[in-house]
Every structure is written in C-alpha cells, then in structure tokens.
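Take a look at the model first, then work through the points below.

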Amino acid sequence: MTTKVLFVCTANLCRSPMAEGVFRSLAERAGVADAFEIASAGTSDAFVGRPPTPEAIDVAASRGYDISAIRSRQIVTDDIVRFDYPLAMDSRHLVEMRWL
C-alpha cells in the first residue's frame, strides 16, 4: 500500500516544492520511498508549469535537496480525495483547500 502525501502552498514555487523535495529525499535515504507517492501543488494557477524559484532551488541545493525538476501545478478537487495527506503550508492554504 502506498501512502500519498501532497504539500500545498500558494504558487507551488517555493515552500511546497521544498517540502516535497525534503520529504522525498528523507524517504529515499530511509529506504522507504516506494511506500510513498509524494507531490506538491499550489492554490493558484498563475505559475503552472514553471520550476521552483531560483532562490528555492539554491536553498534546497545548499542543504542537499534537488528540487529543480519539480514543476508548478494547481491543486484540484480530486487531489483532496486521492491524497491521504494533503498538507497545507499555512492556514490560508488550508482554508482554500477546504473549499475544494
């Protein structure tokens, strides 16, 4: 059985891709990556398809995490049902996710 985890912020350009990258790396290091489906999304559709910000990529890389391949996408209603743990990066995102 796979546990599905989704990290959600506003644009999916900094916080949520960094959380995705850290979680994915920790799962890989622990040898349990196959037990998870890990993703991130944003509440906004303004930056769909774009990579994380250069600052986010640099900060993550300085700590040993590669998030450069992640591309922004907007959260959709199905995500709330499909993911076991749709995690909001702050209370505003949680409010927006509840509307879904």
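Is R24 buried, partly exposed or exposed? R24 is partly exposed, at 29% relative accessibility; here, buried means under 20% relative accessible area, exposed means over 50%, and partly exposed is in between (1.4 Å probe, protein chains only).

Keep in mind that this is a predicted model, where local features need pLDDT of at least 70, side-chain atom pairs count only at pLDDT 80 or more, and totals for chains, interfaces and linings use all residues. Residues are numbered from 1 along each chain as its sequence is written, and side-chain values use heavy atoms, with hydrogens and water left out.

**Salt bridges within a helix**

- A salt bridge here is a side-chain nitrogen of Lys or Arg within 4 Å of a carboxyl oxygen of Asp or Glu, and the model has five salt bridges by that rule.
- One of them joins E20 and R24, whose closest N and O atoms are 2.5 Å apart.
- E20 and R24 are about one helical turn apart, because they sit four residues from each other in helix 1 (residues 15-29); helices are DSSP runs of H or I with at least four residues, strands are runs of E with at least two, and both are numbered from the N terminus.
- E20 is buried, with 8% relative accessibility.
- R92 and E96 make another salt bridge, with 4.0 Å between the closest N and O atoms.
- This pair is also four residues apart, in helix 4 (residues 91-99), so about one helical turn separates R92 from E96.
- R92 is partly exposed at 45% relative accessibility, and E96 is partly exposed at 31%.

- R82 and E37 meet through their side chains in a salt bridge, at 2.6 Å from N to O.
- That pair links distant parts of the chain, 45 residues apart: R82 belongs to helix 3 (residues 77-82) and E37 to strand 2 (residues 36-42).
- R82 is partly exposed, at 33% relative accessible area, and E37 is partly exposed too, at 26% relative accessibility.

**Strand 2 and its partners**

- Strand 2 is mostly covered, with five of its seven residues buried.
- Strand 1 (residues 3-9) pairs with strand 2 in the parallel sense over seven bridges; two strands count as paired if DSSP finds at least two bridges between them.
- Across that pairing, T3 stands opposite F36 in strand 2.
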